[in-house]
Amino acid sequence: MRLLKCVLATGLCWGLSGASQVYAQRADDPIQLTADFNEAGDLVVKAEKRRLGTYSAAIDFQNVQNLTVPSRYRVAIRSSGPLIVLKSRGYSQSTHCGWKSVFVLGDRSAKPDTSFIYRLPFSPARGATEVRFAQEDKSLFFHTAPPKNWAAFCFFLNRGDTVYAIRKGLVVEIKEQGTSERGKPGVVYTSDHNYVQVEHADGTIATYNVLEPGSVCVKLGDTVYPDTPLALVGSFDGTQYRVALTLHYITDRIFAKGNAYSYEHAFESVFINPVFATADGNRMLVSHNRYTAVVAPELITKEMTKREMKARTEK
């Protein structure tokens, strides 16, 4: 299962009349932070976005001299550009500032639409299909506690079945390097599986786990709709084929009284138990029940722009 994934980075900027920069970040980090002094002696911190999707950043400014910095700084990064200007105190001394940061895929200012109706991620032609809540399987956590409010759905399908997007969104992350566990009896769970992540307009992120290797048929940056095929269903053990679906968003962590703020734990994932369109009406799912998917035209076109609607009509 895909849980909150944090990327840590550090940086340093020092200057007097000019500036020197040292940025200890990896080439594959989703965000590159840089900083330059302006004519007033203020330090302008900038973000270079290297991946698709919205990222939330928590920056802890350290070893600060001659600059005014916030005690806590958390921000959503949607594009490259300036993030914050650290004002000079104007003292006749050298100015420097270091930082440590963490980046998380997701929008800290997300406003989830809890009334939204999602499609089920499989074909209506399958008929009644069993769903189980993955959080009931304690073996997935290897003796650790599941994340707060964790909700994940396992839809039990057949080999060769197609997994569909549940809502319009942008494909922001794909992993298709995991190897199939087919032919390995007794394998209940492995973290080495393929997945697709899609960011929605309200800031929620759908993660489709356990996909057949080599079957993903979307690309990073694609816009998908509720009738877009994503991949074929995969398997942990080669006998049970299931797609594991989660829907979550990112929010600022609230630190209880007595617990010191930590930039490394500045965010947390909140998981959603959504309402799905089924042959028996719109409803939240119940574990071990069986549901038949429905894909009404209004479900597919609900979030389409006029241009997308026109292009669909002309096909």
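Is Arg 167 buried or exposed, by its relative accessibility? In this predicted model, Arg 167 counts as buried, with a relative accessibility of 3%. The cut-off for buried is under 20% relative accessible area.

The partner of Arg 167 in a salt bridge is Glu 303, with 3.0 Å between the closest N and O atoms. Glu 303 sits in the loop between α1 (297-301) and α2 (306-314), while Arg 167 belongs to the loop between β12 (162-164) and β13 (169-175). Glu 303 is partly exposed, at 23% relative accessibility.

## Asp 107 and Arg 78

A salt bridge also joins the side chains of Asp 107 and Arg 78, at 2.9 Å from N to O. This pair links distant parts of the chain, 29 residues apart. Asp 107 is in the loop between β8 (95-105) and β9 (117-119), and Arg 78 is in the loop between β6 (73-77) and β7 (81-86).

Asp 107 is buried, at 9% relative accessibility, whereas Arg 78 is partly exposed, at 49%.

## Arg 132 and Glu 130

Arg 132 and Glu 130 form a salt bridge through their side chains, with an N to O distance of 2.9 Å. Arg 132 counts as partly exposed at 30% relative accessibility; Glu 130 has a relative accessible area of 16% and is buried.

## Network and total

Salt bridges link Arg 74, Arg 108 and Asp 252 in a network. Over the whole structure, the search finds 13 salt bridges.

Definitions and conventions. Residues numbered from 1 in each chain as written. Predicted model: local features only at pLDDT ≥ 70, side-chain atom pairs only at ≥ 80, totals over all residues. Heavy atoms only, no water. Salt bridge = Lys/Arg side-chain N within 4 Å of Asp/Glu carboxyl O. Helix = DSSP H or I, 4+ residues; strand = E, 2+ residues; numbered from the N terminus. Buried < 20%, exposed > 50% of the residue type's maximum accessible area, 1.4 Å probe, protein only.
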